[in-house]
Amino acid sequence: MDAVFKALADPTRRELLDELFREDGQTLHALEVRFEMTRYGVMKHLKQLEDAGLVVTRRRGREKLHFLNPVPIRLVHDRWVSKYAEPWAAGLSDLKTRLESPMEKIFEIYIKTTPERLWEAITDGGIRSKYQFGAVITSDFTPGSRFEMGNAKAGGLLGEGENIEVDPPRKLVQTMTALWGEDVKAEGTSRITWEIEPVGDSCHLTVTHDQLREGANDQLYGGWPMILSGLKTWLETGELLTTPGSLMYT
């Protein structure tokens with residue numbers, strides 16, 4: 001967390017995050033024209049934000065796009081804020097996601113675990129329910145197979161989809177249709193990609209939620225920071241988060 005606080009301490013870096021909050025997936029050129037500094041100066045600030053995990057990048061053809069990654073900020077929240085002010089913080093977080101309308105969201109996190117254990121936590125229904133709102137995932141996780149997400153207390157399925165690519169313990173690509181409400185059901189199908197990369201005694205997990213329409217309902221992607229924070233907490237400590245979302249169907 002030292003790197004996160006150091007990155008956030010600089011007003012220029014906070015302004016860069018504000019720009020990505022306003023419009024995610026921007027190029028270096030699009031960002032640099034908004035600042036009265038050299039291209040090299042903007043690059044240095046972006047590099048520090050990347051090192052802190054607050055910004056992630058993806059290549060799209062010849063362009064390099066920059067995305068805001070809110071997971072480290074959520075981890076700060078879970079460590080110090082949730083015990084005292086969860087209802088207020090959750091309300092502000094919901095407001096943030098309502099103000100965004102991306103077609104693609106990218107989240108990344110480092111977890112001290114093995115790729116095999118992380119893969120199990122993603123694909124095992126009982127484990128998944130511990131950090132994803134109490135929802136149980138049911139599937140045999142073979143290419144082309146179906147998966148369902150539900151909980152007896154929900155009164156029906158919460159989501160369903162197809163496992164497009166299954167490459168344990170490295171990559172899982174799924175389509176997903178949300179079913180927990182008519183508003184999200186009307187959004188149709190989106191895609192979720194889980195990518196696991198071993199780094200020393202830890203894993204770098206990247207979750208990409210894309211094929212979302214412009215202005216898609218924020219319920220589809222707004223819960224990822226909480227889900228990934230809960231996943232990291234459970235794998236590293238064996239404990240469960242007690243945020244309202246984590247307890248939704250428990």
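Mentor: Happy to! Let us begin with the largest nonpolar core, which has 41 residues; those touching the most other members are Leu 118, Ile 122, Trp 194, Leu 205, Trp 224, Leu 228 and Leu 231. The largest share of this core, seven residues, is supplied by helix H9, residues 224-237, so that is the part to look at. Please keep in mind that this is a predicted model.

In general, nonpolar side chains in soluble globular proteins tend to be buried together. A second, separate core of 15 residues also exists here, and includes Val 4, Ala 7, Leu 20 and Val 42.

Now to the helix. H9 has 14 residues and reaches 20 Å from its first C-alpha to its last, close to the 20 Å expected at 1.5 Å a residue. The helix is mostly covered, with 12 of its 14 residues buried. The buried ones are Trp 224, Pro 225, Met 226, Ile 227, Leu 228, Ser 229, Gly 230, Leu 231, Lys 232, Thr 233, Trp 234 and Leu 235. After the helix comes Gly 238, with a positive phi near 80 degrees.

Two residues are worth a visit. Take Leu 231 to start: leaving aside residues up to four places away in sequence, Leu 231 touches Ile 111, Leu 118, Ala 121, Tyr 131 and Leu 205.

The other is Pro 225, which also lies in H9. Pro 225 counts as buried because its relative accessible area is 10%, and buried means under 20%. Not counting residues up to four places away in sequence, Pro 225 touches Pro 70, Val 71, Arg 74 and Phe 107. Look also at Glu 108: this residue is 117 residues from Pro 225 along the chain, yet their C-alpha atoms are separated by 9.1 Å.

H9 also takes part in the lining of a pocket. The second largest pocket holds about 730 Å³ of space. Its lining has 30 residues, and the closest to the pocket centre are Ala 52, Pro 72, Leu 75, Ile 109 and Tyr 110. At least two lining residues come from each of helix H1 (2-8), helix H4 (39-51), strand S1 (55-60), helix H5 (71-99), strand S3 (105-111), strand S9 (202-210) and H9. By type, the lining divides into 12 nonpolar, seven polar and 11 charged residues.

Methods. Residues are numbered from 1 along each chain as its sequence is written. This is a predicted model: local features need pLDDT of at least 70, side-chain atom pairs count only at pLDDT 80 or more; totals for chains, interfaces and linings use all residues. Side-chain values use heavy atoms; hydrogens and water are left out. A nonpolar core is a set of buried Ala, Val, Leu, Ile, Met, Phe, Trp, Tyr and Cys residues joined through side-chain atoms within 4.5 Å. Buried means under 20% relative accessible area, exposed over 50%, partly exposed in between (1.4 Å probe, protein chains only). Helices (H or I, at least four residues) and strands (E, at least two) are DSSP runs, numbered from the N terminus. Contact means heavy atoms within 4.5 Å. On a 1 Å grid over the protein atoms alone, a cavity is a set of points where a 1.4 Å probe fits but cannot get out, and a pocket is an open set with protein on both sides within 12 Å along at least five of seven lines; lining residues have an atom within 4 Å of a point. Grid points are joined across faces, edges and corners, and a volume is the space filled by probe spheres set on the points. Ala, Val, Leu, Ile, Met, Phe, Trp, Tyr, Cys and Pro count as nonpolar, Asp, Glu, Lys and Arg as charged, and the others, Gly among them, as polar. The expected span of a helix is 1.5 Å times one less than its number of residues.
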